[in-house]
Amino acid sequence: MSTIMTKEKEVLEEKEMNRKKVKVQSKRRKSTREKVVDVIVFVLLLAGALIMLFPLIYMILCSFMTKNQILSGSLTLIPDPVLIGKYSEVLSKGSFFNGILNTVKVEIPVLLIGGFTSSLSAFAFAKMNFRGKNGLFLALLATIMIPFAVVMIPQYVLFTKLGWTNSLLPLIIPGCFGNVSMIFFLRQNLYSIPNDLMDAAKLDGCGYFRTYWMIFLPLMKGALGTQLVLWFMGIWNDYLAPTIFLRSEKLWTLQVVIRSFNSYYAIQSDYALIMAASVIAMVPTLLLFFIFQRVIVESIAISGIK
Amino acid sequence: MSKTKNVVKTQLSPMAKREERWAWLFIAAPFIGFLLFMAYPIGFALLASGSKWTGVNSLIGNLCGFENFIDILTDPKFWKSMLTTIIYMIGIPLGMIFGLLIAMGMNRNLPGKRIMTTMYYVPVVSSLVAVAILWAWVFNFDYGLLNTIIKFLTGHHGPNWLGDEVWVKVAMIIFMTWKGLGTSIILYLAGLQNVPKDYYEAAEIDGATGWEKFRFITLPLISPVTFYILITSLIGGFQVFVEVQVMTTNGGTNYSAATIVYYLYDKAFSNGQLGYGCAVAVILAIIIFIITAINFKYQDKWVVTD
């Protein structure tokens, strides 16, 4: 095992070196004219950013307003008086809480099992030799292009026949078989780890699964984490699959619940309640985004350059 | 000589054979998933597209050849939803132009660049259902934020955004551009950062104007990103559904907001014409396939070599 340990250390050190290299930037002094342009550009960009965020800020403000203020038709933005009752009203509704619970029930098994199967196959594609490797990988990659809308009717029939539509299984089982874009990213990430590590493991007589579990899984922790966060957001925000596959209201996931709130409470003009429900539904993904924004933005940017 | 070569190629050592078996085991999960939830449904959809199948009657007993396709192609509602889907795509070039301008501003390395990128990206990670609910309220004819602002500024009442057959399209384009802008910015920013700085310095020495630098250096060098955004947006554009279902009732006044996928959903899950819906899915798959093929044909152009 000692050869592996030293190799591992080398790899980590090299990664650190690369990170430092990237940080070095060429700094050039700017002329006065450029500085003036900079100020103008900065103001424009900030104005644009505020316009982008304004609807979301308005959403939060609305959730604290009284019905009278919302329906007054005059341009008032600051809630007067500030009403926080709508949030407790939303949270005390059984269907809303149930929606969160159902979404979590889908998230946990999919991320655990799907994360495992995806990283395991990414490891095989990146570090192991077998016939038909590239062809199989391309075939898998091509499936990203198939829109869900094309397969949703047959899937619906399949799940109905299996009796799954009375449970959350239609949302859980397909995810457990892995996620192709995750396999793609992890494979890409594993390429940056030298093959010597694999050879050293073989020399030490370390089994393939053990090599994955003990050496490569810890090394791809960061990339795996980012992909799991993105996947979590995807499941949390998913709407189309749950609306089609879930028959009973008891099974509805959060997004289906807030959409039903929208149609139900709009008739009563209870927009504060609708906005409060939508705000709560958005908070988890936004929090995750703020925490992991650097790596998320990086991984989005990579998808475009690759 | 050639014979022995062949033997060497096909007969793997016991070690290599063992590795191959493990590797196939490791990649089995995504392939089984692919067969069950992609390949089988696609085959099923192809078969069902030739049947007047409702899910209750017999699929094979109601085979009708290409009748479904003829019905679809002669249905004015299909063409209406197709036209609407394409009209919504006006938002794609709009988003790309804004995205590029904002990314170029960001690329000046101004203070607060990261925070502003985050601000522009927040709509992308927000739940589609939640922000669609929000914008439906912003576009509300009587009390919505937009019409309140229009009234405040001009003294006239604004248009019936979601109720009018033309304005609903404008509203949807505004919404989709707002939701997707952050992605173009991040992709363009990554592309711009890959353009070598010395190109600009050399052009400056040659006396190039700002426009010339943009036209002859920036634009060609980021064309791969432009192409990538265009292709992914086109593929996404043909799959628009959730915002239409959340923001309008029954696809809008006279079906004016309905898209292809909305039409598919409507036929399959509201009317129970599952075979007919599968035929629409096949047409959708063909369209996406053509776009993907174009993408592959010109892919070598957008993989930049410097």
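Reply: Happy to. Let us start with helix H2 of chain A, where Leu45(A), Ala49(A), Met52(A), Leu56(A), Met59(A), Cys62(A) and Ser63(A) are buried. Here a residue is called buried if 20 or more other C-beta atoms lie within 10 Å of its own, exposed if 12 or fewer, and partly exposed in between, with C-beta atoms placed from the backbone. Helices are DSSP runs of H or I with at least four residues, strands are runs of E with at least two, and both are numbered from the N terminus.

Before going on, a word on the model: it is predicted, so local features need pLDDT of at least 70 and side-chain atom pairs count only at pLDDT 80 or more, while totals for chains, interfaces and linings use all residues. Residues are numbered from 1 along each chain as its sequence is written, and chains are lettered from A and ligands numbered from 1 in the order in which they are written.

Back to H2(A). This helix covers residues 32-63, which is 32 residues, and reaches 46 Å from its first C-alpha to its last, close to the 46 Å expected at 1.5 Å a residue; the expected span is 1.5 Å times one less than the number of residues. Along the way there is a kink of about 40 degrees at Phe54(A), shortly before the proline Pro55(A). The bend at a residue is the angle between axes fitted to the seven residues ending there and the seven starting there.

Now compare two other helices of chain A. H9(A), residues 180-191, has twelve residues that should span 16 Å, and its end C-alpha atoms are 17 Å apart, which agrees. Nine of those twelve residues are buried, so H9(A) is largely enclosed by the rest of the structure. Among the buried ones are Phe184(A), Phe185(A), Arg187(A) and Asn189(A).

In H10(A), residues 196-203, the buried residues are Leu197(A), Met198(A), Ala200(A) and Ala201(A). Seen down the helix axis, these fall within an arc of 160 degrees, so they line one face of H10(A); the arc is that of the directions from the axis to the C-beta atoms. Just after this helix, Gly205(A) takes a positive phi of about 70 degrees.

Met152(A) counts as buried because 24 other C-beta atoms lie within 10 Å. Its C-alpha atom is separated by 8.1 Å from that of Ile244(A), 92 residues apart along the chain.

Stepping back, chain A has 15 helices and zero strands, and buried residues make up 38% of its 306 residues. Two residues are in contact if their C-beta atoms, placed from the backbone, lie within 7 Å. Among contacts in chain A between residues at least 6 apart in sequence, 78% join residues at least 24 apart.

Chain A also touches a partner: 74 residues of chain B are in contact with 72 residues of chain A. On the chain B side, helix H3 (residues 28-48) gives the most, with eleven residues. By class, that side has 57 nonpolar, 13 polar and four charged residues. Ala, Val, Leu, Ile, Met, Phe, Trp, Tyr, Cys and Pro count as nonpolar, Asp, Glu, Lys and Arg as charged, and the others, Gly among them, as polar.
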